[in-house]
Amino acid sequence: MPSRSTSTGAPDTARWLLRGHDGRLTAYARAEGGLLRWTETRPGGPEWSGPDFFDAPDLTYLTLAQGTDGYVHFVGRRERPGDDGKAVVDLVHSIQYQSGRPLMDWRSLGNPHTKLVERAPHLGAPAAAVDTAGTVHVFVRDAVGSVRMRREGKGGKWEGWKDFKVRDTLDGMAAVATSTGRVEVLAPTGKATLRWAQEQRGGEPQRADDVPVVAAPGSGTALETAPDRLTYYAADALGDGVLAHRPASGGPPLPLGGAPGPGPTAALRTAIDGYDCTVLAHRTSTGRPALAAFPTEDEGAGLWWAETGEPCLGAPALALDARGRVVMAAIGLDGTLRLARQKAEPGLALAAWTRV
């Protein structure tokens with residue numbers, strides 16, 4: 001029987017702690033046969049409701065994306081046994097429109113390998129982004145290592161699959177929408193990170209300059225660190241810690257240290273003591289969450305990674321609550337949600353971790 005109260009780990013993204021339009025934070029996690037959701041009972045907490053269990057059977061991968069309208073989109077890779085015993089693989093999508101409200105029914109987005117069906121089981125892990133018009137963009141690695149995109153068109157009808165016609169990409173793409181509504185997607189390979197960017201909202205993503213980062217698959221994330229400008233953060237595939245690169249600026253990647261283990265990097269911007277800062281988090285090679293902060297786009301100023309809390313299942317997440325405080329979330333080894341909230345004092349000191 002599926003567990004309706006214990007998580008099997010964080011989703012396959014660092015963006016699983018999200019703030020709704022009403023100011024309440026919501027945390028999402030994997031569970032056997034579905035997903036779990038915890039919701040603040042009021043903006044800023046500290047009380048939470050949940051976990052609520054939602055059926056989502058046969059998911060092998062789950063990512064989330066949120067639009068400026070506050071809607072949360074869930075995109076998963078589903079693998080079920082077919083009548084002939086072979087795996088039937090497709091992508092599925094669901095929506096939560098408001099904090100605390102039910103999820104909509106899961107709907108299939110299909111599989112780009114509709115003609116070469118022998119390739120269909122080899123579909124990779126999806127990534128998703130929502131532009132400022134609310135258009136959902138879904139990206140996935142196909143069986144030959146190309147990137148495929150499908151997006152929601154006008155009236156809620158989904159467009160067909162677009163093939164970016166590349167090879168050798170790996171799982172762990174990062175997709176993000178900027179404040180102007182442009183969507184960018186970055187796909188790791190064994191030699192660099194490939195990048196596509198829209199010139200304007202709603203346009204076709206165009207191949208852009210590669211990012212000179214050989215990222216550990218699944219570790220990358222992108223954060224808007226200036227108006228319409230992104231910084232890419234990822235763990236170095238050779239084990240040399242976290243790297244940063246701003247595609248618009250060029251140049252070599254910037255080493256940020258740390259000892260990241262498997263999983264994505266969490267990133268957000270916030271004011272700390274009146275200064276615009278970037279906060280990063282990851283799960284270390286020892287399994288514990290680690291946190292660091294530095295002036296935004298001034299990685300050269302230096303940063304110090306501090307491990308905090310107990311070992312966790314999957315990557316930690318970061319968000320700002322209704323009072324602008326940094327909140328760090330992790331799934332404990334016992335499958336429960338753990339939270340640490342920024343103290344009301346100078347700097348980025350977190351209060352003690354609490355179990356929800």
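Start by selecting Glu299, which is buried at a relative accessible area of 5% (buried is under 20%, exposed over 50%, partly exposed in between, with a 1.4 Å probe and protein chains only). Before you go on: this is a predicted model, where local features need pLDDT of at least 70 and side-chain atom pairs pLDDT 80 or more, while totals for chains, interfaces and linings use all residues. Residues are numbered from 1 along each chain as its sequence is written, and side-chain values use heavy atoms, leaving out hydrogens and water.

Glu299 sits in the loop between strand 23 (289-295) and strand 24 (306-307); strands are DSSP E runs of at least two residues, numbered from the N terminus. Now show Arg246: its side chain and that of Glu299 are joined by a polar contact of 2.8 Å (N or O atoms within 3.5 Å, one able to donate a hydrogen and the other to accept it; residues adjacent in sequence count only if both atoms are side-chain atoms). Beyond four places in sequence, Glu299 also has contacts that include Thr231, Tyr233 and Phe294, contact being heavy atoms within 4.5 Å.

Next, jump to Val140 in strand 10 (residues 136-141). Is Val140 buried or exposed? Val140 is buried, with a relative accessible area of 0%. Among its contacts beyond four places in sequence are Leu91, Trp161 and Met173.

Last stop: Tyr97, in the loop between strand 7 (87-96) and strand 8 (107-110). Tyr97 is partly exposed, at a relative accessible area of 37%.

Key
Helices (H or I, at least four residues) and strands (E, at least two) are DSSP runs, numbered from the N terminus.
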